[in-house]
Amino acid sequence: MTTTVAPRGAGVLEIAEIVPVTEAEGPGRRFALWVQGCPLRCPGCCNPEMLPLDRGKSVSVDELLLEIGVWKRLHDIEGITLLGGEPFAQAAGLAVVARMVREQGLTVMTFSGYTLEELEQMFDPAVDELLRHTDVLVDGPYLRQQPETRRRWIGSANQRVHFLSDRYRADDPCWQLPNSLEIRLRGNELSVNGFPAPKAGRMWTRLRPMPGWRS
Ligand code: SF4
(Lines give C-alpha, C1' and ligand atoms only; values in the text may rest on other atoms or scores of the structure.)
Protein backbone atom coordinates (compact mmCIF):
# COMPACT_ATOMS: atom_id res chain seq x y z
CA MET A 1 0.00 0.00 0.00
CA THR A 2 1.28 3.48 -0.75
CA THR A 3 0.19 6.93 0.26
CA THR A 4 1.10 10.15 -1.42
CA VAL A 5 3.90 12.27 -0.09
CA ALA A 6 3.85 15.78 -1.51
CA PRO A 7 7.07 16.47 -3.36
CA ARG A 8 9.41 18.71 -1.40
CA GLY A 9 11.14 21.61 -3.01
CA ALA A 10 14.88 21.64 -3.25
CA GLY A 11 15.30 24.23 -0.51
CA VAL A 12 13.67 22.70 2.56
CA LEU A 13 13.79 19.21 4.02
CA GLU A 14 11.54 17.55 6.57
CA ILE A 15 13.86 15.89 9.06
CA ALA A 16 12.96 13.31 11.69
CA GLU A 17 16.31 12.81 13.38
CA ILE A 18 19.98 13.56 13.05
CA VAL A 19 22.89 11.72 14.63
CA PRO A 20 25.84 13.90 13.69
CA VAL A 21 28.57 11.34 14.32
CA THR A 22 27.94 7.62 14.23
CA GLU A 23 29.86 4.51 13.28
CA ALA A 24 26.74 2.35 13.12
CA GLU A 25 25.21 3.60 9.87
CA GLY A 26 27.83 2.83 7.25
CA PRO A 27 31.59 2.90 6.72
CA GLY A 28 33.66 5.15 8.93
CA ARG A 29 32.31 8.03 10.97
CA ARG A 30 29.13 9.37 9.41
CA PHE A 31 26.57 12.12 9.74
CA ALA A 32 23.27 10.21 9.72
CA LEU A 33 20.04 11.88 8.71
CA TRP A 34 16.57 10.32 9.01
CA VAL A 35 14.04 12.14 6.84
CA GLN A 36 10.43 12.48 7.86
CA GLY A 37 7.73 11.03 5.60
CA CYS A 38 7.40 7.85 3.58
CA PRO A 39 4.84 6.95 0.87
CA LEU A 40 5.34 3.22 1.44
CA ARG A 41 3.62 1.15 4.09
CA CYS A 42 5.79 -1.92 4.63
CA PRO A 43 4.21 -4.39 7.05
CA GLY A 44 6.20 -4.15 10.29
CA CYS A 45 7.71 -0.82 9.29
CA CYS A 46 10.86 -0.19 11.28
CA ASN A 47 10.23 3.53 11.82
CA PRO A 48 6.44 4.09 11.88
CA GLU A 49 6.81 7.45 13.62
CA MET A 50 8.60 8.66 10.50
CA LEU A 51 5.77 7.87 8.07
CA PRO A 52 3.72 11.11 8.24
CA LEU A 53 5.30 14.00 6.41
CA ASP A 54 4.13 16.61 8.87
CA ARG A 55 5.77 15.41 12.07
CA GLY A 56 9.32 16.42 11.33
CA LYS A 57 11.36 19.53 11.65
CA SER A 58 11.75 21.76 8.59
CA VAL A 59 15.39 22.43 7.90
CA SER A 60 16.79 24.37 4.97
CA VAL A 61 19.36 22.71 2.74
CA ASP A 62 21.78 25.56 3.49
CA GLU A 63 21.37 25.08 7.24
CA LEU A 64 21.95 21.36 6.90
CA LEU A 65 25.07 21.83 4.78
CA LEU A 66 26.48 24.22 7.37
CA GLU A 67 25.85 21.68 10.12
CA ILE A 68 27.47 18.87 8.15
CA GLY A 69 30.47 21.14 7.53
CA VAL A 70 30.86 21.79 11.25
CA TRP A 71 30.80 18.09 12.09
CA LYS A 72 33.21 17.35 9.25
CA ARG A 73 35.71 19.78 10.74
CA LEU A 74 35.16 18.66 14.33
CA HIS A 75 35.04 14.90 13.87
CA ASP A 76 36.51 14.20 10.46
CA ILE A 77 33.40 12.40 9.26
CA GLU A 78 33.82 10.24 6.17
CA GLY A 79 30.38 10.73 4.77
CA ILE A 80 26.67 11.10 5.29
CA THR A 81 24.00 8.41 5.47
CA LEU A 82 20.43 9.13 4.41
CA LEU A 83 17.67 7.04 5.97
CA GLY A 84 14.02 7.45 6.82
CA GLY A 85 11.24 7.69 6.20
CA GLU A 86 11.98 7.60 2.51
CA PRO A 87 14.90 9.70 1.27
CA PHE A 88 13.70 9.57 -2.34
CA ALA A 89 10.41 11.24 -1.34
CA GLN A 90 12.58 14.32 -0.77
CA ALA A 91 14.98 13.65 -3.60
CA ALA A 92 15.30 17.22 -4.88
CA GLY A 93 16.66 18.67 -1.63
CA LEU A 94 18.73 15.62 -0.73
CA ALA A 95 20.28 15.57 -4.21
CA VAL A 96 21.60 19.07 -3.55
CA VAL A 97 22.96 18.01 -0.17
CA ALA A 98 24.53 14.88 -1.62
CA ARG A 99 26.15 16.76 -4.50
CA MET A 100 27.56 19.46 -2.23
CA VAL A 101 29.01 17.09 0.38
CA ARG A 102 30.60 14.93 -2.30
CA GLU A 103 32.29 18.03 -3.68
CA GLN A 104 33.86 18.32 -0.21
CA GLY A 105 35.17 14.76 -0.45
CA LEU A 106 32.49 13.09 1.67
CA THR A 107 30.66 9.94 0.62
CA VAL A 108 26.91 9.36 0.47
CA MET A 109 25.13 6.17 1.53
CA THR A 110 21.37 6.09 0.97
CA PHE A 111 18.76 3.63 2.24
CA SER A 112 15.51 3.37 0.29
CA GLY A 113 12.35 1.31 0.60
CA TYR A 114 12.20 1.28 -3.20
CA THR A 115 14.33 -1.03 -5.29
CA LEU A 116 16.89 0.48 -7.64
CA GLU A 117 14.76 -0.62 -10.60
CA GLU A 118 11.68 1.10 -9.17
CA LEU A 119 13.65 4.29 -8.65
CA GLU A 120 15.02 4.20 -12.19
CA GLN A 121 11.54 3.64 -13.60
CA MET A 122 10.18 6.76 -11.91
CA PHE A 123 11.89 8.84 -14.62
CA ASP A 124 12.08 11.64 -12.08
CA PRO A 125 15.06 13.98 -12.61
CA ALA A 126 15.39 14.60 -8.86
CA VAL A 127 15.46 10.86 -8.13
CA ASP A 128 18.03 10.35 -10.88
CA GLU A 129 20.12 13.18 -9.45
CA LEU A 130 20.10 11.70 -5.94
CA LEU A 131 21.09 8.33 -7.37
CA ARG A 132 23.90 10.02 -9.31
CA HIS A 133 25.27 11.46 -6.07
CA THR A 134 24.89 8.29 -4.01
CA ASP A 135 27.97 6.11 -3.57
CA VAL A 136 26.18 3.19 -1.92
CA LEU A 137 22.48 2.46 -2.20
CA VAL A 138 20.78 -0.06 0.07
CA ASP A 139 17.45 -0.80 -1.58
CA GLY A 140 14.18 -2.53 -0.84
CA PRO A 141 11.79 -2.36 2.09
CA TYR A 142 12.75 -3.44 5.56
CA LEU A 143 11.08 -6.82 6.17
CA ARG A 144 10.89 -7.67 9.83
CA GLN A 145 10.39 -11.38 9.11
CA GLN A 146 13.68 -11.54 7.19
CA PRO A 147 16.22 -10.09 9.62
CA GLU A 148 19.74 -9.81 8.22
CA THR A 149 22.24 -11.66 10.37
CA ARG A 150 25.47 -11.44 8.41
CA ARG A 151 25.79 -8.25 6.39
CA ARG A 152 26.80 -5.24 8.40
CA TRP A 153 24.50 -2.19 8.43
CA ILE A 154 21.74 -3.98 6.51
CA GLY A 155 18.32 -4.42 8.12
CA SER A 156 16.72 -7.33 6.28
CA ALA A 157 17.90 -10.13 4.00
CA ASN A 158 15.94 -8.89 0.94
CA GLN A 159 17.79 -5.58 0.83
CA ARG A 160 20.55 -5.24 -1.74
CA VAL A 161 23.70 -3.18 -1.61
CA HIS A 162 24.56 -1.32 -4.82
CA PHE A 163 27.99 0.23 -5.18
CA LEU A 164 27.15 3.10 -7.52
CA SER A 165 30.61 4.69 -7.53
CA ASP A 166 34.16 3.50 -6.98
CA ARG A 167 34.41 5.01 -3.47
CA TYR A 168 33.64 1.66 -1.82
CA ARG A 169 34.07 -1.96 -2.81
CA ALA A 170 32.01 -4.98 -1.95
CA ASP A 171 35.12 -6.92 -0.91
CA ASP A 172 36.21 -4.30 1.64
CA PRO A 173 36.41 -6.12 5.00
CA CYS A 174 34.45 -3.28 6.64
CA TRP A 175 31.24 -4.77 5.25
CA GLN A 176 31.89 -8.07 7.01
CA LEU A 177 32.51 -6.86 10.57
CA PRO A 178 29.87 -7.50 13.24
CA ASN A 179 27.01 -5.06 13.48
CA SER A 180 27.05 -2.44 16.17
CA LEU A 181 24.47 -0.63 18.21
CA GLU A 182 24.87 2.86 19.64
CA ILE A 183 22.92 4.08 22.62
CA ARG A 184 22.86 7.77 23.56
CA LEU A 185 21.41 9.53 26.53
CA ARG A 186 20.70 13.18 25.70
CA GLY A 187 19.04 14.91 28.61
CA ASN A 188 16.30 12.49 29.58
CA GLU A 189 15.94 11.04 26.09
CA LEU A 190 17.40 7.64 25.25
CA SER A 191 18.07 7.05 21.57
CA VAL A 192 19.31 3.96 19.83
CA ASN A 193 20.75 3.61 16.37
CA GLY A 194 22.56 0.93 14.45
CA PHE A 195 21.75 -2.71 14.26
CA PRO A 196 22.35 -5.24 17.04
CA ALA A 197 24.42 -8.36 16.71
CA PRO A 198 22.20 -11.47 17.01
CA LYS A 199 23.51 -12.14 20.51
CA ALA A 200 22.35 -8.68 21.57
CA GLY A 201 18.78 -9.48 20.61
CA ARG A 202 17.46 -9.71 24.13
CA MET A 203 18.87 -6.36 25.06
CA TRP A 204 17.44 -4.89 21.87
CA THR A 205 13.89 -5.95 22.71
CA ARG A 206 14.09 -3.93 25.93
CA LEU A 207 15.06 -0.76 24.11
CA ARG A 208 12.81 1.41 22.06
CA PRO A 209 14.23 1.38 18.52
CA MET A 210 14.56 5.07 17.79
CA PRO A 211 15.76 6.11 15.37
CA GLY A 212 18.13 3.51 14.14
CA TRP A 213 16.27 0.86 12.21
CA ARG A 214 16.86 1.46 8.61
CA SER A 215 14.36 1.20 5.81
S1 SF4 B 1 10.09 0.31 6.40
FE2 SF4 B 1 11.00 2.16 5.49
S3 SF4 B 1 10.23 2.15 3.38
FE4 SF4 B 1 8.90 0.80 4.54
S5 SF4 B 1 7.18 2.04 5.25
FE6 SF4 B 1 8.72 2.07 6.88
S7 SF4 B 1 9.97 3.88 6.50
FE8 SF4 B 1 8.83 3.44 4.61
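Mentor: Helices are DSSP runs of H or I with at least four residues, strands are DSSP runs of E with at least two, and both are numbered from the N terminus. This is a predicted model, where local features need pLDDT of at least 70, side-chain atom pairs count only at pLDDT 80 or more, and totals for chains, interfaces and linings use all residues. Residues are numbered from 1 along each chain as its sequence is written.

Trainee: Okay, how many helices and strands are there in the protein?

Mentor: The protein has 5 helices and 9 strands. From the N terminus on, they run β-β-β-α-β-α-β-α-α-β-β-β-β-α.

Trainee: How much of the protein counts as buried?

Mentor: Of its 215 residues, 43% count as buried. A residue is buried with 20 or more other C-beta atoms within 10 Å of its own, exposed with 12 or fewer, and partly exposed in between; the C-beta atoms are placed from the backbone.

Trainee: Let's pick α2. Which of its residues are buried?

Mentor: Helix α2 covers residues 91-103. Its buried residues are A91, A92, G93, L94, A95, V96, V97, A98 and V101.

Trainee: And what covers them?

Mentor: Several elements do, including β1 (12-22), α1 (61-75) and β4 (79-83). β5 (107-111) and α4 (125-132) are also among them.

Trainee: How do the axes of α1 and α2 cross?

Mentor: They come within 10 Å and cross at roughly 30°. Axes are lines fitted to C-alpha atoms, for helices over the stretch in contact, with angles from 0 to 180 degrees between N-to-C directions.

Trainee: Which residues make the contact?

Mentor: From α1, V61, L64, L65 and I68; from α2, G93, V96, V97, M100 and V101. Contact means C-beta atoms, placed from the backbone, within 7 Å. These residues divide into 8 nonpolar, 1 polar and no charged. Nonpolar means Ala, Val, Leu, Ile, Met, Phe, Trp, Tyr, Cys and Pro; charged means Asp, Glu, Lys and Arg; the others, Gly among them, are polar.

Trainee: What comes after α2?

Mentor: G105 follows α2, with a positive phi near 95°.

Trainee: Which strand is β8 joined to?

Mentor: β9 (residues 189-194), by 6 bridges, and the two run antiparallel. Strands pair if DSSP finds at least two bridges between them. R184 stands opposite S191 in β9.

Trainee: What about the hairpin: how many residues are between the strands?

Mentor: There are 2 residues between β8 and β9, and G187 takes a positive phi near 65° in this hairpin.

Technical notes. The expected span of a helix is 1.5 Å times one less than its number of residues. Two residues are in contact if their C-beta atoms, placed from the backbone, lie within 7 Å.
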